Amino acid sequence: KRWFIDFNFPDENGNPYKDSGGKMIPSELGEIPEGWRIGKLGEISNTTSGGTPSRKEPSYYNGGTIPWVKSKELCNGYICSTEETITLNGLKKSSAKLLPENTILLAMYGATVGQLAILSKESTCNQAICAFLPQQEYGTPYTYLLLQNQRRNWMELASGSAQQNLSQVTMRNLSILIPPSSLAKEFCSLTEQLWEKIKTNTQQIQTLTSLRDTLLPKLMKGEIRIKEVDFSN
């Protein structure tokens with residue numbers, strides 16, 4: 001917010017740009033810093049969507065090792081595991097695509113329309129999801145937070161008689177404020193360790209949750225006993 005909404009990113013002297021008298025220029029979105037411009041979301045990120053292997057073919061799912069994300073699993077954070085996996089054959093025989101780590105996912109329709117997530121590892125997704133692959137100079141952290149900040153704008157563009165819908169075309173054509181790529185790259189570099197910490201914490205939470213769900217029923221049934229420890233000594 002400080003850098004890309006309030007425009008108080010560090011200037012060449014390390015001072016907050018706008019508060020230090022940095023030059024502002026008029027635009028259709030109001031005054032913006034000199035060197036910034038109005039553009040389309042598709043200029044800083046490529047998009048694609050996924051697919052669903054046929055449920056009639058068990059070999060597409062049984063024994064699969066490739067994570068397959070459904071739109072209901074988008075959690076506005078990192079996705080570290082999925083309910084279902086697909087096989088390599090299922091991937092090849094469907095429109096599902098293998099997406100790299102740090103791909104940003106957006107639910108395009110249904111009950112979860114507008115939900116976001118980031119892949120913590122290489123995965124696939126279904127056709128109800130739009131996948132964003134940010135250009136290297138803008139990176140996942142900046143693009144993800146930009147999408148979060150623009151949520152109200154692109155949700156207003158959602159249309160559909162029975163339910164709200166988004167599309168890749170709608171998202172690629174969304175008007176956004178584009179800063180110099182060097183500034184976005186600097187932001188991503190400065191926040192990289194924070195994002196890695198968030199990812200690690202998410203993975204640990206999921207591991208502990210799974211462990212709890214496995215052990216708790218056994219404890220309640222008396223299948224596992226907890227050894228008492230005397231701390232008095």
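**Note on a predicted protein chain**

1. The buried residues of α2 are G139, T140, P141, Y142, T143, Y144, L146 and L147. One of them, Y142, also belongs to a cluster of aromatic rings, described in point 4. Please keep in mind that the model is predicted.

2. Overall layout. The secondary structure of the protein chain consists of 5 helices and 12 strands. Its radius of gyration is 22 Å, well over the 17 Å that the globule rule gives for 233 residues, so the chain is more spread out than a compact globule. Along the principal axes, the C-alpha atoms fill a box of roughly 70 × 60 × 30 Å. Of the contacts in the chain with a separation of 6 or more, 67% are between residues 24 or more positions apart.

3. Surface and charge. How much of the chain is buried? Buried residues make up 42% of the 233 residues. The chain exposes about 13600 Å², and carbon and sulfur atoms supply 50% of that area. There are 25 positive and 23 negative side chains, and the centres of these two sets lie 8 Å apart.

4. Aromatic rings. The structure holds 12 aromatic pairs. In the pair of W3 and F4, the ring centres are 6.0 Å apart and the planes meet at 55°, so this pair is tilted. W3 is buried, with a relative accessible area of 15%, and F4 is buried too, at 16%. The pair of Y61 and W68 is edge-to-face, with 6.1 Å from centre to centre and 75° between the planes. Both Y61 and W68 are buried. Ring pairs also link W3, F4, F7, F9, Y17, W36, Y138, Y142 and F187 into a cluster.

5. The segment before β1. Strand β1 spans residues 24-25, and F7 is placed in the segment before it. F7 has a positive phi of about 60°, although it is not a glycine. Is F7 buried or exposed? F7 is buried, because its relative accessible area of 9% is under the 20% cut-off. I5 lies in the segment before β1 as well. At 39% relative accessibility, I5 counts as partly exposed. I5 and I129 are 124 residues apart in sequence, and their C-alpha atoms are 27 Å apart in space.

6. Strand β9 and L119. Strand β9 runs over residues 116-119, and L119 lies in it. The relative accessibility of L119 is 0%, so this residue counts as buried. Which residues does L119 contact, leaving aside its neighbours within four places in sequence? They are V69, Y78, I79, L99, P100, E101, N102, T103 and L105. L119 and N8 are 111 residues apart along the chain, and 30 Å separates their C-alpha atoms.

7. The loop between α1 and β8. Helix α1 spans 88-92 and strand β8 spans 104-107; N102 is found in the loop between them. Like F7, N102 is not a glycine but has a positive phi. For N102 the angle is about 75°. At 28% relative accessibility, N102 counts as partly exposed. E101 is found in this loop too, and it is partly exposed, with a relative accessible area of 42%.

8. Contacts of E101. Where does E101 make contact, once its neighbours within four places in sequence are left aside? The partners are L119, S120, K121, E122 and K199. The contact with L119 ties in with point 6, where E101 and N102 are among the residues that L119 contacts. E101 and S123 are 22 residues apart along the chain, and their C-alpha atoms are separated by 7.5 Å.

Terms used:
Residues numbered from 1 in each chain as written. Predicted model: local features only at pLDDT ≥ 70, side-chain atom pairs only at ≥ 80, totals over all residues. Heavy atoms only, no water. Helix = DSSP H or I, 4+ residues; strand = E, 2+ residues; numbered from the N terminus. Buried < 20%, exposed > 50% of the residue type's maximum accessible area, 1.4 Å probe, protein only. Contact = heavy atoms within 4.5 Å. Rg over C-alpha atoms; globule rule 2.2 N^0.38 Å. Areas by Shrake-Rupley, 256 points an atom, 1.4 Å probe, with all protein chains shown as cover. Lys, Arg positive; Asp, Glu negative; His and termini not counted. Charge placed at Lys NZ, Arg CZ, Asp CG, Glu CD. Phe/Tyr/Trp six-rings, centres within 6.5 Å; stacked < 30°, edge-to-face > 60°.
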